[in-house]
Amino acid sequence: MELKTIKNYIPLFATIFVFILIYTMGAMLYDNFLSLRVFLNLFLDNAFVGVIAVGMTFVILSGGIDLSVGSVVAFVCILSAKLLEVYQINPFLVVLVCLLFGVFLGTVMGAVIHFFAVPDFLVTLVGMFLCRGLAYMVDLQSIPIRDELFLAVNTMGINFGGGVNFRLISIIFIMVWAAGVYVSHYTRFGRNIYALGGDVVSANLMGIPIGKTRILVYTMSSTLAALGGLLYAVYTLSGYAAAAQGLELDAIAAVVIGGTLLTGGVGFVEGTMVGVLILGLIQTFISFQGTLSSWWTNIIIGLLIFSFILLQRFLSLRSDTDQK
Amino acid sequence: MRKIISNEEFKRVLGPLAAFLLIMMFNMFFTPGFFNMQIKNGHLFGSFVDIFNRGAPVMIVAIGMTLVYATGGIDLSVGSIMAISGAVAAYMIRPDYTKGVIEYGTLPPLFAVILIPLLVAGLLGLWNGILVAYLKIQPIIATLILMVAGRGIAQLITQGQIITFEYPEFQFLGSGFLLGLPVSVILVIVMLVLVNFLTRKTALGIFIESVGSNPTASFYLGINSRVIKLFSYLFCGICAGLAGLIVTADIKGADANNCGLWYELDAIASVIIGGTVWGGRFTLFGTLLGAIIIQSITTTILSRGVAPEQILVFKAIVVMAVTLVQSSNMRKMIVDSVFVANRKTDKTVNKGLN
């Protein structure tokens, strides 16, 4: 028992080690890598990924997967831009509409997965293509956002002086993450998710409401993806239907790197934060390096996620008996 | 005749066949000139012929996807593998293009331009297979890695540019005609006959279905499920590579960003519409019909002046509808609501076992 508990923490320690390693490497190679500004920008640039990764952590903990998040971001992003700029709708209403879309989509996907026993990847894959198509239906071109509220949220923040600004977007991300940590450790819903991901049959026999839990997990993931889309719109101040392609892998990568087992039931929302920061560090590293092209980001993230899955495989106690 | 109707495979494709006829009937009445065919330079042209011509890459990818799907897996990386194989082919024809050199240099022989990209695609498929079969990573995650990283690799090969080329013998693969038929369609027929022979005239097909529907039972039967899975991913990779070559040869250029984009949905949709069960029985003819249906939806919508990106919405709806109809729980619910029987105990059985 004791050994198993330690094993659950090993990926998390590995993650923290990798984070420190990359950070030290960057600090030794480049002059301004260690500055407060670079550190705070990690939270800002990855706020939308982070918010989505928190939702994805719960989905993966429950033993599922949500592939639709990237497209939800694109759809929400272009929808909000269109509603704000073309139809001149009140920004608060726009935010509400976007979040409600997330709630609706997630609940429908969760319900289809649960009630019709359709594989989760298939349902969320359809959600992925549906939202991407819907995004293109809203507009094929990109729309710049000039709404005052969105502009205000973009620039708002705690000023540290010397151009160092801890922006509201980053604070929202950290708040969402803190709420996620609280839900996972201190609520019945959080424990139900772990039970569901650990073993569905036992969870059912224990009387845990698996249907409600599973559907709510997808509702939460899609709602957070919608929030991520809004953050993305605020951050880039534009809406574009082709935005955020491959974001679902970034989110999954952050979760896996953060030490959550892909098979479900084991992992921490805390680790996801470190995972997100590592992804951010890699991007910062590539932009500091200067000569590496943007496609290297995709390749390196692919390699990193692969090595962490490999680490999990070696640590996983189940693998020996699992014949699948 | 009676033998054909009572045939198991025929029964499975009955639904898709009806759907196809429905789309064709819609076109007959609402899309003017859909069935008009012309003979230009000795080749058939027209919207209807276009379905088969344009649909050929999807059909080939879908054939490979059928096998993967039947083993209880999925391959999301097919689009990226297409992009990589196209990029490799174009790079071989014009290796210095990315450095800004316009001259071609010596052209590599045709068989190399075709075989080496296929080899690369096969290796990528093998990589997927190893991740799934030997490292036991869930197929969706294992292939997602290559789906995202693969496009990066393709961009790396083309250095983010679109490599255009002129190589008539190679272009023949995408836009040539043989005996009045497009070469791509002939390739589909060849692949179909080959796979049908491999899976239905040898035990391979039964092994694949067995591994997919009950891995534990297959293990005790002595079926090497790892090799079967490895083979299906390897083959799927090669199929995707071939499709990538056809697309690249057709447009005379390797576009790492757009080659094979969204093909994974088309291929999965074709497989599902065709009636193949996730982890279980598969039908190649159903898949072919599924691909034809997907392509006829695309052609129909395109001929009505809708932007190609927006077609995703229709495809997603079709896939969801077909999946729901095939879901046993859905059928049970309909039966329940018709007979008003209280079968609560039955419902709990299927909970969470997906």
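I'll start with one residue, B:Trp262, which has 17 C-beta neighbours inside 10 Å and therefore counts as partly exposed. B:Trp262 sits in a loop of chain B, between strand S6 (253-255) and helix H13 (263-273). Its phi is positive, about 70 degrees, and it is not a glycine. I mention that because most residues other than glycine have a negative phi. Keep in mind throughout that this is a predicted model.

There is another case in chain B. B:Gln159 has a phi near 55 degrees, again positive in a residue other than glycine. B:Gln159 is in the loop that links helix H7 (139-158) to strand S3 (162-164) of chain B. Its C-beta neighbours inside 10 Å number 15, so B:Gln159 counts as partly exposed.

Now chain B as a whole. Chain B contains 17 helices and six strands. Along the principal axes, its C-alpha trace spans about 75 × 55 × 40 Å. For 354 residues a compact globule would have a radius of gyration near 20 Å, and the 21 Å of chain B agrees with that. Buried residues account for 49% of the 354. Take the contacts in chain B between residues at least 6 apart in sequence: 78% of them join residues at least 24 apart.

One helix in chain B is worth a stop. How many of the 19 residues of H14(B) are buried? The count is 16, so to speak a mostly covered helix. Helix H14 of chain B covers residues 284-302, and the distance from its first C-alpha to its last is 27 Å, close to the 27 Å expected at 1.5 Å a residue.

Next, a loop residue in chain B, B:Leu76, between helix H4 (47-70) and helix H5 (78-93). Is B:Leu76 buried or exposed? It has 26 C-beta neighbours inside 10 Å, and the cut-off for buried is 20 or more, so B:Leu76 counts as buried. If we set aside neighbours within four places in sequence, B:Leu76 is in contact with B:Ile140, B:Thr143, B:Leu144, B:Met147 and B:Glu264. B:Ile334 is 258 residues away from B:Leu76 in sequence, and the C-alpha to C-alpha distance between the two is 32 Å.

On to chain A. Chain A has 14 helices and four strands. Its C-alpha atoms fill a box of roughly 55 × 50 × 35 Å along the principal axes. The radius of gyration of chain A is 20 Å, which agrees with the value near 20 Å for a compact globule of 324 residues. Of those 324 residues, 53% are buried. Among contacts in chain A between residues at least 6 apart in sequence, the share joining residues at least 24 apart is 80%.

Two packed helices are described by the angle between their axes and the distance between the axes. For helix H3 (residues 47-61) and helix H8 (residues 168-186) of chain A, the axes come within 9 Å and cross at roughly 10 degrees. H3(A) and H8(A) are therefore roughly parallel to each other. Which residues meet there? From H3(A) they are A:Ala47, A:Gly50, A:Val51, A:Val54 and A:Thr57, and from H8(A) they are A:Ile169, A:Ser170, A:Ile172, A:Phe173, A:Val176, A:Trp177 and A:Gly180. By type, the residues of this contact are eight nonpolar, four polar and no charged.

Helix H2 (residues 36-45) of chain A involves both of those helices. Its buried residues are A:Leu42, A:Phe43 and A:Leu44. These buried residues of H2(A) pack against H3, H8, strand S3 (164-167) and helix H13 (269-289) of chain A.

In the loop between helix H1 (2-29) and H2 of chain A we find A:Leu34. A:Leu34 has 13 C-beta neighbours inside 10 Å and so counts as partly exposed. A:Leu34 and A:Trp295 are separated by 261 residues in sequence and by 25 Å in space, C-alpha to C-alpha.

Last, the interface. How many residues of chain A are in contact with chain B? There are 39, and they touch 41 residues of chain B. On the chain A side, helix H6 (120-138), helix H10 (200-205), helix H12 (247-257) and helix H14 (295-315) each supply at least two residues. That side of chain A divides into 27 nonpolar, eight polar and four charged residues.

Notes:
Residues are numbered from 1 along each chain as its sequence is written. Chains are lettered from A and ligands numbered from 1 in the order in which they are written. This is a predicted model: local features need pLDDT of at least 70, side-chain atom pairs count only at pLDDT 80 or more; totals for chains, interfaces and linings use all residues. Two residues are in contact if their C-beta atoms, placed from the backbone, lie within 7 Å. Ala, Val, Leu, Ile, Met, Phe, Trp, Tyr, Cys and Pro count as nonpolar, Asp, Glu, Lys and Arg as charged, and the others, Gly among them, as polar. The expected span of a helix is 1.5 Å times one less than its number of residues. A residue is buried if 20 or more other C-beta atoms lie within 10 Å of its own, exposed if 12 or fewer, and partly exposed in between; C-beta atoms are placed from the backbone. The radius of gyration is taken over C-alpha atoms; the globule rule is 2.2 Å times the number of residues to the power 0.38. Axes are lines fitted to C-alpha atoms, for helices over the stretch in contact, and angles run from 0 to 180 degrees between N-to-C directions. Angles under 35 degrees count as roughly parallel, over 145 as roughly antiparallel, 65 to 115 as roughly perpendicular and the rest as oblique.
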